[in-house]
Amino acid sequence: MKIPFNDLYTQYQSIKKDIDQAISSVITDSAFIRGQYVDEFEKSFAKEIGVENCVSCANGTDALYIAIKCLELQQGDEVITTAHSWISTSQTITQAGGKVVFVDTDETFTINPNQIEEKITPKTVGIIPVHLFGQPADMGRILEIAKKYGLWVIEDCAQAHLAEYENRRVGTIGDIATFSFYPGKNLGAMGDAGCLVTNDSALANWCKLYARHGGKGEHLIEGINSRMDGLQAAILSVKLPYLQDWTRRRQRIASLYIQELNNIEEIMLPTIAEERTHVYHLFVIRTTKRDELYQHLSEGGISTSVNYPKALPFNPAYSYLKHTHADFPNAFKNQKEILSLPIYPEITDEMLEYVFRQIHSFFK
Ligand SMILES: *Cc1c(COP(=O)(O)O)cnc(C)c1O
């Protein structure tokens, strides 16, 4: 049996008629860049998340860059973020003119709130927590610290559509939040797309202006060009109504994994903190036999992945910060032990049974 890591084609098959119809409508209306399909998606996504404003843009990386710029970061300002994420989170801090300050993760794979305060200096302006793998970061503690020191908070929600912290959806908690609709994300386009959401309408307008060349007709500022295209918006509008069901299916698969694997001593299952709902963009286990398990599953036709093989501070891109492994012991340990198992709404119970059997045969 072959088990892919994700299966976007099967998802397409399940909603093919509506997707094809949506694509055809955009072409018929020549609504390629922004326009009605984009407006419509922005409205429905804002409503789904429960925020006042959604500003669409070209991808989740741009969303972070736009958010940082529009929070008026000054050259040399410091921004605190997690040592374990995709590089979009930290590269955009630098690209906006800031200085990246990394903090280690805790047992939930998200930023350790107990280690944030010691990294704050007079130059610190903000914190970017990442709801990594689909589990919210400790937003209560993070907001407390932000308030105490007068810092802004951008939530990187790229992996956490519909996840909740104390019954509030992520994206509604910080000053502004960013989402990615990269095809493999929990809500994925058929190309690149992203957005920002916020209840702060003035900030949303500023982001809109910045992302659209600083205005039309009259340019109030020099902005950038970061737009969602009509095809992606129309596709996302078709998929959005399924997101809750798809999320529940991911959670169901996760509970089956947990049930099946919790008697294997050499596997550490994901730790889910209280008051947080995990939406399982990725199902990440830890084992000291990671590379051997990866190999064993691969030989059995099962694709797994390591997200990510190197924590951010240990990448050559950050060698200038001169960090050592001892600076981020948790992220360092995890990078050697983490393995992402296949989890997507379309994986069948039969396929999962096969994955369980293959994992059990490795550890027996
Ligand atoms: C995917 C991702 C992004 C970037 O999104 P793109 O749409 O690929 O630019 C940012 N942060 C995290 C945590 C991500 O997983």
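This is a predicted model: local features need pLDDT of at least 70, side-chain atom pairs count only at pLDDT 80 or more; totals for chains, interfaces and linings use all residues.
Residues are numbered from 1 along each chain as its sequence is written. Local features need pLDDT of at least 70 and side-chain atom pairs count only at pLDDT 80 or more, whereas totals for chains, interfaces and linings use all residues; side-chain values use heavy atoms, with hydrogens and water left out.

The ligand is surrounded by 13 residues (a heavy atom within 4 Å), the closest being Gly-60, Thr-61, Gln-159, Ser-180 and Lys-185. By class, this shell holds eight polar, three nonpolar and two charged residues (Ala, Val, Leu, Ile, Met, Phe, Trp, Tyr, Cys and Pro count as nonpolar, Asp, Glu, Lys and Arg as charged, and the others, Gly among them, as polar).

Polar contacts (pairs of N or O atoms within 3.5 Å) involve several side chains. An N or O atom in the side chain of Ser-180 lies 2.7 Å from an oxygen atom of the ligand, and one in the side chain of Asp-156 is 2.8 Å from a ligand nitrogen atom. For Asn-59, a polar side-chain atom is 3.5 Å from a ligand oxygen atom. On its own the ligand has 380 Å² of accessible area, of which the protein covers 92% (Shrake-Rupley method, 1.4 Å probe).

The ligand sits in the largest pocket (more than half of its atoms within 2 Å of the grid points). On a 1 Å grid over the protein atoms alone, a pocket is an open set of points where a 1.4 Å probe fits, with protein on both sides within 12 Å along at least five of seven lines. The volume of the largest pocket is about 580 Å³ (the space filled by probe spheres set on the points). Its lining comprises 30 residues (an atom within 4 Å of a point); Gln-159, Tyr-182, Lys-185, His-281 and Tyr-308 lie nearest the centre.

Conventions:
A polar contact is a pair of N or O atoms within 3.5 Å; within protein, one must be able to donate a hydrogen and the other to accept it, and residues adjacent in sequence count only if both atoms are side-chain atoms.
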